[in-house]
Amino acid sequence: MSTRQAVPPTDLYPQEIRQVVGGSDPTPEQWRAISMPLEPYVVVAGAGSGKTSVIAARVVYLALVALGRQAADHRGVLPGNVLCLTFTNKATENLVLRVRRALSGLDLPAGEEPTIANYHGFAAQILERHGLLAGIEPGQRVLTPAQRVELCARVLDEMAFEHASAEWQPSLISKILELADQAANHRVEPGRIIEFNRERLRELAGQRSERAYESALERIELAAAVDRFQELKRQLGVIDFGDQITLALRVVERFPQVAEEYRSRYLAVVLDEYQDTNVAQAALINGLFGAGFPVTAVGDPDQSIYGWRGASLYNLLEFQEQFRRADGRPAQKLPLYTNFRSGARILAAADRIIEAIPADQRPDPDKKLAPWPPHGDGEVEVRRFSDEWTEARWVAGRVRQLHDSGTEPRWSEFAVLCRSSRLFVPLQESFAEEGIPVEIVGLAGLLQLPGRWPIRSPASAWPASSLARATGWGSRTWPGWPRGARTRTIRSVARTGTTCLHSCGRRRWSTWMRWSTCRRRAGPAWRSSGPSWPRFEARPGGPWGSSSPR
């Protein structure tokens, strides 16, 4: 979240807008993005530029114009006629809170707030209301990832694979599902994939290496498996998340009255995190709200992190052409480059790091973040440590020092970025030892780590069948524990000197390891099995408790 220190406000901007952007006057860049007329335009927002505040202020501005409190050359839009779409569930919840807080001072009628959803949730609404037009039954069950794997496994029972390696079923299932996702995200039917690769076989056969030819044959088989997987879903009346977008797009393209209904229901649309949308999502939005409809897209080309899930940066870069104004001119592109998060020295260090990247390899080479003067220079410090535990203890001590000295009295203003999730565990323990409250944020959302887990029962004798049972994943050991508590207890046991648990558990927490594998890595004291295994019981030891052998 971007932060900004308040500066003396002026009378140039509405008080309601100043409250949304942090109590100060909006910058000229922000005010231009907030007060644009009702036409399509794209905002390229840099990191820490307050884009969420700008989105909330845009909703407030349109409401002020509609209520007659702000002069403009258009009639404005009440919040109930605004549609806001973002990418993840967490971003949706954050945007709902920000917009509600921004609208709280406008004295609007009860329930007068915008519709805020993520792209898949919005597509699900379209299918629920209009799916019958295309023969799609409402209320179809959406498969979970585990159910998709199970259903895809049936394809392997019905097909023989000659070119795709089928020795390890999980790998083959992963390839089939990945191709299914990419085909859905890019609006490509499996039959088109098969046709394309068959057309290239003769050309590839003449190449010196056979790898490309064999890859084409494998892709043909995988595409046929995808086609069979889709047929199974149709037979069972189920869909997955990729189907939500493609089926909704099919409804919109085949029945123009659906787009007319949504264009009459909503008078303005705001698209957040637009750099993370895929081809099908952009086509869905364009099919509903193209042809000069007032669509505001906000995104950062340097923060496109979902390419592995089909996100296409092309959507943001080509928004001006895809969403032209009513008179046919390209949509406007507005910059939002003032950074309210970091000092000038920090931004200069970041620019120094990326300056070696050629301009033709950067999505927006003209973008250069400018510091917010009240934040000062900031501080950049580089340290090297022998291991991650030493590093984590130093980070926790540094945070404690800055907090206790009054430099930053609020815990919520500290952030630690990790390159790998394996670093979460040492940081979590180091912060716990310092008594610092912490929240761990990952792709799956926000995870609140409590201070103590109750231990329901001591561990009984260790079974020798698998490491999973031995470390608490089995039903015989500590029943009812959440996975995080079990993982944390494994770490506590490992730190008592258990070579086997430390060397295996530390590598991958959620993987079931065979006891034979761990036994080879164990120390001499752990090369026994059965009743001679040591027993463990929970004993106090810090905010999480610990386990010690007896």
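Biologist: Which residues form a nonpolar patch on the surface?

Modeller: This is a predicted model, in which local features need pLDDT of at least 70, side-chain atom pairs count only at pLDDT 80 or more, and totals for chains, interfaces and linings use all residues. Residues are numbered from 1 along each chain as its sequence is written, and side-chain values use heavy atoms, with hydrogens and water left out. Patches are made of residues with over 30% relative accessible area and no salt bridge, like charges being joined within 9 Å and nonpolar side chains (Val, Leu, Ile, Met, Phe, Trp, Tyr) within 5 Å. Here Ile-346, Val-380 and Val-382 form such a nonpolar patch, with about 270 Å² of accessible area together. Accessible areas come from the Shrake-Rupley method with a 1.4 Å probe, and for residues only the protein chains shown count as cover.

Biologist: Where is Val-380 found?

Modeller: Val-380 is in the loop between strand E10 (370-371) and helix H16 (388-404). Helices (H or I, at least four residues) and strands (E, at least two) are DSSP runs, numbered from the N terminus. The protein has 21 helices and 14 strands.

Biologist: Is Val-380 buried, exposed or partly exposed?

Modeller: Buried means under 20% relative accessible area, exposed over 50%, and partly exposed in between (1.4 Å probe, protein chains only). With a relative accessible area of 43%, Val-380 is partly exposed. Of the 550 residues in the protein, 44% are buried.

Biologist: Which residues of the largest nonpolar core touch the most other members?

Modeller: In soluble globular proteins, nonpolar side chains tend to be buried together. A nonpolar core is a set of buried Ala, Val, Leu, Ile, Met, Phe, Trp, Tyr and Cys residues joined through side-chain atoms within 4.5 Å. The largest has 41 residues, and Leu-271, Tyr-274, Leu-288 and Phe-289 touch the most other members. Among the elements that each supply at least two residues of this core are strand E2 (82-86), helix H5 (119-130), strand E6 (268-271) and helix H12 (279-289). Another core, of 37 residues, lies apart from it and includes Val-77 and Ala-268.

Biologist: With which residues is Leu-271 in contact, leaving aside its neighbours within four places in sequence?

Modeller: Contact means heavy atoms within 4.5 Å. With those neighbours left aside, the partners of Leu-271 are Leu-85, Tyr-119, Ile-285, Val-295, Thr-296, Ala-297 and Val-298.

Biologist: How many salt bridges does the count come to?

Modeller: Side chains of opposite charge can pair when their charged atoms come close. A salt bridge is a side-chain nitrogen of Lys or Arg within 4 Å of a carboxyl oxygen of Asp or Glu, and the count comes to 27. One of them joins the side chains of Lys-51 and Glu-273 (3.1 Å, N to O). Lys-51 lies in helix H3 (residues 51-66) and Glu-273 in the loop between E6 and H12, so this pair ties together parts 222 residues apart in sequence.

Biologist: Which residues are linked in a network of salt bridges?

Modeller: The network links Arg-148, Asp-181, Lys-233, Asp-240 and Asp-243. Within it, the side chains of Lys-233 and Asp-243 meet at 2.7 Å, N to O. Lys-233 lies in helix H9 (residues 211-236) and Asp-243 in helix H10, so the pair ties together parts 10 residues apart in sequence. Lys-233 is buried, at 4% relative accessible area, and Asp-243 counts as buried at 13%.
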